[in-house]
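Subject: Handing over the structure

Hello,

Here is the structure I promised to pass on to you. My notes on what was found follow below it.

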Amino acid sequence: MKPEKTKLAVRLPYREFAVKHFAREFGKLSDKQQSLALLKFYIEMIHNPLRHEISDDDFDEAYMDNSGDLGADFIYRDDGEVLIIQTKHAPPDVVTKIEPIIYFQRIFQRLTDRDFRAKANSKVREAVSDIDFNSDKFELRFITLGNIDGQAKLQTEEGS
């Protein structure tokens with residue numbers, strides 16, 4: 001299924017999930033709450049049924065979205081595999097710009113650079129201390145329900 005059709009199929013269940021999770025009307029959720037709901041929706045409804053399950057406790061430990069997150073909302077390591085996710089909630093009519101995509105694609109530069117790590121919050125520093133950058137396997141996910149088009153689309157397809 002093409003990403004555009006997948007986004008259409010996911011948009012309503014995601015909104016229902018967000019409303020249930022926060023017990024508020026979707027329009028009254030902050031951008032951060034909408035992004036958190038998108039991340040939780042992805043983990044619970046897409047990742048967990050297809051891969052090894054990430055528990056609620058592990059989710060809470062891996063959730064990084066605060067000041068000093070270095071551009072990663074979620075860093076989860078299990079048995080030598082590291083899942084790094086950045087979510088950007090956007091309405092369907094908003095086109096995601098290329099800058100946040102490129103910034104996310106450069107996450108390894110920030111996570112492995114001492115100067116950047118010094119600026120990281122304690123959760124990021126702790127998560128990074130467990131990672132073996134030489135032997136772990138990495139999966140990066142940039143998740144948005146906004147449109148990706150033009151240069152941003154080309155950038156996401158680079159190296160695929």
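What percentage of the 160 residues of the protein chain count as buried? The figure is 42%, where buried means under 20% relative accessible area with a 1.4 Å probe, protein chains only.

Before you read on, please note that this is a predicted model: local features need pLDDT of at least 70, side-chain atom pairs count only at pLDDT 80 or more, and totals for chains, interfaces and linings use all residues. Residues are numbered from 1 along each chain as its sequence is written, and side-chain values use heavy atoms, with hydrogens and water left out.

The overall layout comes next. The protein chain has eight helices and five strands, taken from DSSP runs (H or I of at least four residues for helices, E of at least two for strands) and numbered from the N terminus. Along the sequence they follow the pattern α-α-α-β-β-β-α-α-α-α-β-β-α.

Setting aside neighbours within four places in sequence, F59 is in contact (heavy atoms within 4.5 Å) with L36, L39, K40, I43, I54 and F74.

Strands β1, β2 and β4 form an open sheet in the order β1-β2-β4, with mixed pairing; strands pair if DSSP finds at least two bridges between them. The edge strands are β1 and β4 (137-144), each pairing on one side only. β2 and β4 run in the parallel sense over eight bridges, and K88 stands opposite T144 in β4.

Lastly, have a look at the second largest pocket. On a 1 Å grid over the protein atoms alone, a pocket is an open set of points where a 1.4 Å probe fits, with protein on both sides within 12 Å along at least five of seven lines, and lining residues have an atom within 4 Å of a point. Among the residues lining the second largest pocket are D58, E61, Y76, R77, K123 and E126. α3, β1 and α7 (122-129) each supply at least two residues of this lining.

Enjoy exploring!

Terms used:
Buried means under 20% relative accessible area, exposed over 50%, partly exposed in between (1.4 Å probe, protein chains only).
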